[in-house]
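Welcome! Take a moment to look over the structure below, and then we will walk through it topic by topic.

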Amino acid sequence: MDNEIILLNTDIDFINISTLFNIEPIGDGTAYIESLTSYLIRLANAHCVSVGTLINNIIGPTLDKSYVVRSAVNGGNRFYDGAKSLNGIDKNSKDLVSTLETLTSRNDLEKLTFYSWRYVLTNRNLLKDHLEWCPECLESFKEVYGCYYFPLLWSVKSVNYCNIHEKRLVSNCPGCKKTIPILHRRSDNENCPFCGVKLKLASQDEENTISQFELFFVENVNKLIEFTKNLDYKLNREIMSIRFKFIEQSYETAYNNSLRKELKIPKSTYHYWISGKAVPTIDNLLKFCYLLGITIEGFFFNEHVQFSKRDIKIGFKSENTSERRKLNYEKISKELNSFMNIEHPFSMEEIAQRIKVPKRTLYRKFPDLCKRLSKRYMEEIKNRSLARRVHVESLIEKSVTELIEINLFPTQKRIEEHLSTNSLLREGYAKKYLIKCLKSI
Ligand SMILES: [Zn+2]
Ligand SMILES: [Zn+2]
């Protein structure tokens with residue numbers, strides 16, 4: 001009998017039982033491979049729990065990083081605030097990959113991040129800190145894969161355009177208009193975590209103003225992601241410097257002209273790149289490729305580089321940044337002004353996030369307007385806290401009277417019980433007000 005039981009047990013392959021479902025990443029091997037945070041969200045979905053629950057109970061303890069565990073216990077936000085880098089090139093990205101691989105018994109999750117490119121990319125300007133999406137793509141993902149997901153491609157900061165549907169990506173919820181964090185305790189890839197409205201319902205304008213460079217950018221990030229699967233050897237730190245030197249030499253042999261001067265790259269910046277002291281941002285790297293008429297793949301891997309001198313001229317013309325900036329600033333100014341008229345003012349942080357311009361830039365370009373907006377917000381905050389204070393004080397006064405009427409001494413605990421609250425008297429002014437009331441009895 002015992003032997004039979006032992007035989008039955010050996011039929012079950014325990015090694016293949018993972019803690020979490022071993023779900024397949026979507027879009028493997030394509031430019032539309034999903035991001036690690038999207039995968040994490042789908043994992044939570046597959047287990048019918050929220051992202052918050054999955055992180056607090058399973059991922060946090062396995063990840064064993066003190067800040068995650070602390071955050072889980074205290075309801076803190078550190079893990080979520082830093083979530084954008086989870087799809088990137090940092091150590092925390094690698095940590096989450098390893099943890100999820102342990103929990104799902106998979107070994108292929110690094111591809112859902114840019115970690116394999118860590119020696120040749122920099123964090124500067126690499127990733128967005130909020131979600132952007134193409135509603136039409138979301139819809140088609142649902143049709144093709146039976147679920148919604150976010151490709152890694154959309155997490156890149158300068159990818160703001162869908163080259164399949166030729167429309168701009170959307171960055172605000174169609175319901176509450178908020179920007180949506182990369183990861184939220186209630187994220188689910190389909191709906192807004194704040195108001196529950198479906199993200200695919202957002203409307204998109206047809207895009208006619210896409211520049212040649214923007215198009216090139218998206219197409220080449222596509223290629224870079226697609227190429228990750230072929231990185232059979234690890235890229236190393238030296239490769240950037242080696243490639244820059246190689247391309248410079250090839251260019252100068254072909255055209256007998258200084259590449260740096262021709263491309264108008266600032267001297268010190270170029271020196272850093274070519275000496276390997278710093279790697280360019282993905283924007284600068286792709287601009288470099290664009291102006292030379294080479295692809296990102298060509299930059300890294302081609303042994304013979306074919307330049308396109310005609311493209312260089314076109315590139316210089318279409319790189320009319322001062323004109324583009326002027327147009328944008330007009331639009332930004334209008335948007336900023338519109339915030340002066342809303343009923344409940346936003347902070348400058350919130351405004352900067354909504355119109356996707358750094359706060360510092362806004363203050364530099366529109367100092368007076370920004371100061372007015374900030375002042376308006378501060379006044380609102382002050383009024384709100386004043387109104388709350390008056391409200392709290394009236395509640396305390398009322399409770400004191402009512403407790404005395406039923407012959408109970410109005411202690412802090414009794415007042416809080418009386419009002420069914422446990423935090424009302426936490427504030428210093430509330431305590432002071434209670435003492436004042438008691439003295440006057
Ligand atoms: Zn699309
Ligand atoms: Zn919403």
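A residue is called buried if its relative accessible area is under 20%, exposed if over 50%, and partly exposed in between, using a 1.4 Å probe and protein chains only. This is a predicted model, in which local features need pLDDT of at least 70, side-chain atom pairs count only at pLDDT 80 or more, and totals for chains, interfaces and linings use all residues. Residues are numbered from 1 along each chain as its sequence is written, chains are lettered from A and ligands numbered from 1 in the order in which they are written, and side-chain values use heavy atoms, leaving out hydrogens and water.

**The chain as a whole**
- The chain has 20 helices and two strands; these are DSSP runs numbered from the N terminus, with helices (H or I) of at least four residues and strands (E) of at least two.
- Of its 441 residues, 43% count as buried.

**Zinc ion (ligand 1)**
- Which atoms coordinate this ion? They are Cys134 (SG), Cys137 (SG), Cys162 (SG) and His165 (ND1), at 2.0 to 2.3 Å.
- Donors here are N, O and S atoms within 2.8 Å of the metal (3.2 Å for Na, K and Ca), and sites may look incomplete because water is not among the atoms.
- Along the chain, the donors follow the spacing C-x2-C-x24-C-x2-H.
- Cys134, in the loop between helix H6 (91-104) and helix H7 (135-145), and His165, in the loop between strand E1 (161-162) and strand E2 (167-168), are 31 residues apart and link distant parts of the chain.
- Cys134 is buried because its relative accessible area is 0%, while His165 is partly exposed at 22%.

**Zinc ion (ligand 2)**
- Cys173 (SG), Cys176 (SG), Cys192 (SG) and Cys195 (SG) are the protein donors, lying 2.2 to 2.3 Å from the ion.
- Their angles of 100 to 118 degrees make this arrangement tetrahedral.
- The donor spacing is C-x2-C-x15-C-x2-C.
- Cys173 and Cys192 are both buried.

**Helices H3 and H6**
- Helix H3 (residues 51-63) packs against H6 at an angle of about 115 degrees, with the axes 9 Å apart.
- Axes are lines fitted to C-alpha atoms over the stretch in contact, and angles run from 0 to 180 degrees between N-to-C directions.
- Contact (heavy atoms within 4.5 Å) involves Ile58, Ile59, Thr62 and Leu63 of H3, and Asp95, Leu96, Thr99, Leu100 and Leu103 of H6.

Terms used
Tetrahedral: all angles 85-135°; square planar, octahedral: opposite > 155°, others 65-115°.
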